[in-house]
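Hello,

Here is the structure I promised to send over.

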Amino acid sequence: MKHINKYIIAVALVGVLQSATAQEASRSGYFLEGYNFRHQLNPAFAPENNYVSIPALGNFGVGAASNIGVNTFIYKKPDGQLTTFMNSSVSSDEFLNKLHKNNHLTANINMTLLSCGFRAFNGYNTVTISTRAELGANLPKDLFTFMKVGMTGPSTSYNFENVRVRANAYAELALGHQRKITNELSAGAKVKFLFGLGHLDARINTMDVHMSDNLWSVRAKGEMNIAAGSGLYVPTNKESGKDLDKPDMYNQIDYDGIEYNNFGLAGFGLGFDLGATYDMHQFVEGLTLSAALTDIGFISWNNNHKAVTPATQWTFNGFSNIALDSDQPDYEQNKLDEQFDNIFDDLKDCTNFERVSDGGSSRTTALATTLAIGAEYQMPFYKGLTGGFLFSQRMGGCFSWTEGRFYANVKPTDWFDCSINYGAGSFGSSFGWLVNFHPKGFTFFIGSDHQFFNITPQFAPVGKANANLTLGMSVNFGAKTKR
């Protein structure tokens, strides 16, 4: 469990993800006709060929998006040792000036296990089996001010809200159909059958902290829900035999005792994608408009374990032994990973969740829906060159984000096309690209929506944690669609 603690705090505070992550497909390929997976961004797009993806390698990527980064929370001391933002050698102004009012981290994981597309039923059809995971963290600046600054006088009070960490994992079977309605209008839709694998949603809606020389007291309103099938065991301190001399702590969750004994489905759900494209040649020659709503739906989670913060206030001993100075005797034993472990342990003591349901309840959550609106213009002087603009809006409460992206797309031959693009939005600006080879018989693509240039030795972006790399391969068959 200690390793799990370390990973959670790394995700929540540092914003570093080193796992296979991608969105439904790369937004850099939205306007590339030879890109087989753009139907995942808009179901009204039909690939050029019939295709079958290479199992587990049809659409694979790695990345993350955040308005914070590694250098927000980790610092190098004059002796070369790495330390956290809690070390006294890091000034409050230096650290806090790097933060936003709300500090976001989001990531979406999608590994396409198998996908195929074929023409039939007066249109184009797709069948996709994939696994997906969504991660989000929202951490307000006031939380870090409390952690870093602490008391500023004989009596100090803090109030902050919307502290939240959420993660969903599920498998998906998606059936899609696209067809032409008129010569100008095409429409598409998908139905998605969802199979829940795991769910975590921990939130503090509001927290009041009062600090004095004699006592630090906390009063909070929050809730935690965990579901991962019948094999999940979430014990209380009393069930684990811990803190038996403290009756007020009997019902608190024993994080170190959490176990997952056997795999089982955690829930079921249903989702839909809707999309359309319209050729505007009657009004503006070479202009095509498109729009889509993806991931409209829900998942109902069973065997949900629920915990809430107590109605009464409780005491908190503060953040201690997190980042010792070099002149303290046990400095050598307090390396960076131990520092993050200690931060996590103290945050657990500060939040104080008590279990009220041990798996007998259910919970329904909505999918994070994405709106996409695009416009593409074919250059009159060279038909292989188009310019485009894509507006994307993810609607997921405090995990929502917005982005606008400008494109230049080139298709010099029938078997190759590529895109370079530049986006700006909730996570700052980013440069993207995708190259796509699709000769007769196969397709290979590689690209990035968030290109990064400065990384740590662990391949994490030094600045904002915006980075992704995506690639995939498919076998194509049948004649290409004539445009």
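A word on burial before anything else: a residue counts as buried under 20% relative accessible area, exposed over 50% and partly exposed in between, using a 1.4 Å probe and protein chains only. This is a predicted model, so local features need pLDDT of at least 70 and side-chain atom pairs count only at pLDDT 80 or more, while totals for chains, interfaces and linings use all residues. Residues are numbered from 1 along each chain as its sequence is written, and side-chain values use heavy atoms, with hydrogens and water left out.

Let me start with the rings. The whole structure holds 21 aromatic pairs; rings of Phe, Tyr and Trp (its six-membered ring) pair if their centres lie within 6.5 Å, and planes under 30 degrees apart count as stacked, over 60 as edge-to-face and the rest as tilted. Tyrosine 30 and phenylalanine 45 form an edge-to-face pair, because their ring centres are 5.0 Å apart and their planes stand at 80°. Both residues lie in the loop between α1 (2–14) and β1 (50–53), so their pairing ties together parts that are 15 residues apart in sequence. Helices (H or I, at least four residues) and strands (E, at least two) are DSSP runs, numbered from the N terminus. Tyrosine 30 and phenylalanine 45 are buried.

Phenylalanine 85 and phenylalanine 144 are also an edge-to-face pair, since their centres lie 6.0 Å apart with planes at 85°. Phenylalanine 85 is in the loop between β4 (82–84) and α3 (92–96) and phenylalanine 144 is in helix α4 (residues 141–149), so this pair joins parts 59 residues apart in sequence. Phenylalanine 85 is buried, at 0% relative accessibility, and phenylalanine 144 is buried with a relative accessible area of 0%. Elsewhere, ring pairs connect Phe146, Tyr158, Phe160, Trp216 and Phe316 into a cluster.

What touches the most other members of the largest nonpolar core? Among its 43 residues, the answer is Phe85, Phe95, Phe144, Phe146 and Met147. Such a core is a set of buried Ala, Val, Leu, Ile, Met, Phe, Trp, Tyr and Cys residues joined through side-chain atoms within 4.5 Å. Elements giving two or more residues to this core include α3, α4, β7 and β8 (185–212). Another core lies apart from it and has 16 residues, among them Phe45, Tyr51, Ala372 and Leu434.

Helix α4 deserves a look of its own. Its buried residues are Leu143, Phe144, Thr145, Phe146, Met147 and Lys148. After α4 comes glycine 150, which has a positive phi, near 65°.

- Alanine 46 is in the loop between α1 and β1 and is buried, with a relative accessible area of 13%. Its C-alpha atom is 8.9 Å from that of threonine 126, 80 residues apart along the chain.
- Isoleucine 109 belongs to strand β5 (residues 102–120) and counts as partly exposed at 27% relative accessibility.
- Leucine 175 sits in strand β7 (residues 155–180) and is partly exposed at 35% relative accessibility.

Best wishes
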